[in-house]
Amino acid sequence: MKRRAFLALSGAAVAGSAALRVQAAEAAVQQPAGPPAAAGGAATVNTVRGSIDASSMGTTLVHEHVLVDFGGAATASRSRYDAEAVFRTALPHLTEVQKRGCRTLVECTPAYLGRDPQLLARLSEASGLQILTNTGYYGAANDVAIPKHAYDETPSQLAARWTAEFEAGIEGTRIRPGFVKIGVDAGPLSAIDRKLVEAGALTHLATGLTLAIHTGNGVAAHEILGVLGTNGVSPEAYVWVHAQNEADPASRGRAADEGAWVELDGVSPKSLDAHVAAVVDLRARKRLDRVLVSQDAGWYHVGEPDGGNYRSYAFLFDSFVPALRTAGLTEGEIRTLLVENPARAFAVKRRLLAKTRASG
């Protein structure tokens, strides 16, 4: 058999396998769930250079970027940037934070917005950082990065695409996503945003991948929790990305009480005090065990001269952590935020089923 024919057959087989797994996930929602898949297995995380034990993540930045292209899904292409120029720009920043003790960086740029797994693999090897990439689509920013087929396909069909990347690798590589990245605007959810969340729920049930969802506000966050529950997915599988943008601290507290991960990921010089206050508030609510912190930094902007202003990843270590100490957090609590919570949040261990289903 010729190589091209073999690869075509292999790709069809993987797509078929992914669709079957999604169908099984849908069926699980229609009836009481049995024991979670692989419940007794070791907790692992998929990095761009292979799977690792979740306990090996170490100090982790849970929401950062290397490259972002807001040109739109219709024009998204690697021909729009020079990968070597991006590599030269990003590497010193990654090396800088690795020297500060960071071991893992979660790169949150999705498909059609500049995702480049092979570039990330090169940067991981050169910097010594463990880097995660993702599957899923970004429906925020007025849907600029949603491909046309996402409007036409069902949640099951989208989930089959994302599950196939988990099973066979992204875009013909052997690099597997470490989580599902979705973006939605402020609530109430639009039709396409709801579809993306439903597809994410099915993908989680088929793969065990965590759902990191860029969420416009608390209204959207709590609506997402409802959609996940309807689809049989536990709140523990959901990371509320950009939760710092919600003005009501009680809304964040309610989400954490339900079991969602509350991600305060915009740490910067301008937001330092507000981020410290948000962490302290969740600590007072006894929900530090559901909090993730990061910076949303980096950002080589495609289309800007030399990638624009690439923001350092070091501020969290140089200023935010000392500010948390000043606010009264112990070394153990800081370790919870930077080491223990990320490992729990991103571990691919089992399907996290809604309690109403799991107890049925």
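A salt bridge is counted here when a side-chain nitrogen of Lys or Arg lies within 4 Å of a carboxyl oxygen of Asp or Glu. By this rule, the structure holds 16 salt bridges. The model is a predicted one, in which local features need pLDDT of at least 70 and side-chain atom pairs count only at pLDDT 80 or more, while totals for chains, interfaces and linings use all residues. Residues are numbered from 1 along each chain as its sequence is written, and side-chain values use heavy atoms, with hydrogens and water left out.

Side chains of opposite charge can pair when their charged atoms come close. Helices (H or I, at least four residues) and strands (E, at least two) are DSSP runs, numbered from the N terminus. E171 counts as partly exposed because its relative accessibility is 47%, and R78 is likewise partly exposed, at 34%. For these labels, buried means under 20% relative accessible area, exposed means over 50%, and partly exposed is in between (1.4 Å probe, protein chains only).

A salt bridge also joins K148 and D152, with 3.3 Å from N to O. Both residues belong to helix α4 (residues 148-152), where they are four residues apart, about one turn of the helix. Both K148 and D152 are exposed. E331 pairs with R325, and here the closest N and O atoms are 2.6 Å apart. R325 is partly exposed, because its relative accessibility is 41%. Through shared partners, salt bridges also connect R78, R115, D116, E165 and E171 into one network.

Together, β8, helix α6 (residues 191-207) and β9 form a right-handed β-α-β unit. From β9 the chain goes on through helix α7 (residues 218-230) to β10, again in a right-handed β-α-β crossover. Right-handed means that, with the strands pointing away from the viewer, the path from the first strand over the helix to the second runs clockwise. Strands β9 and β10 (residues 238-241) run parallel and are joined by four bridges, with A212 opposite V239 in β10. Strand β9 (residues 211-214) is covered on both faces: L211 and I213 are buried on one side, and A212 and H214 are buried on the other.

Attention now turns to V97, which has its place in helix α2 (residues 83-99). V97 counts as buried because its relative accessibility is 0%. Leaving aside residues up to four places away in sequence, V97 touches L61, C102, L129, Y313 and F317, a contact being heavy atoms within 4.5 Å. V97 and F317 are 220 residues apart in sequence, yet their C-alpha atoms are 8.2 Å apart in space.

The cysteines complete the account. C102 is buried because its relative accessibility is 2%, and C108 is buried too, with a relative accessible area of 1%. A disulfide is a covalent bond between the sulfur atoms of two cysteines. With a disulfide taken as a pair of cysteine sulfur atoms within 2.5 Å, a search of the whole structure finds zero disulfides.

Note on methods: Two strands pair if DSSP finds at least two bridges between them.
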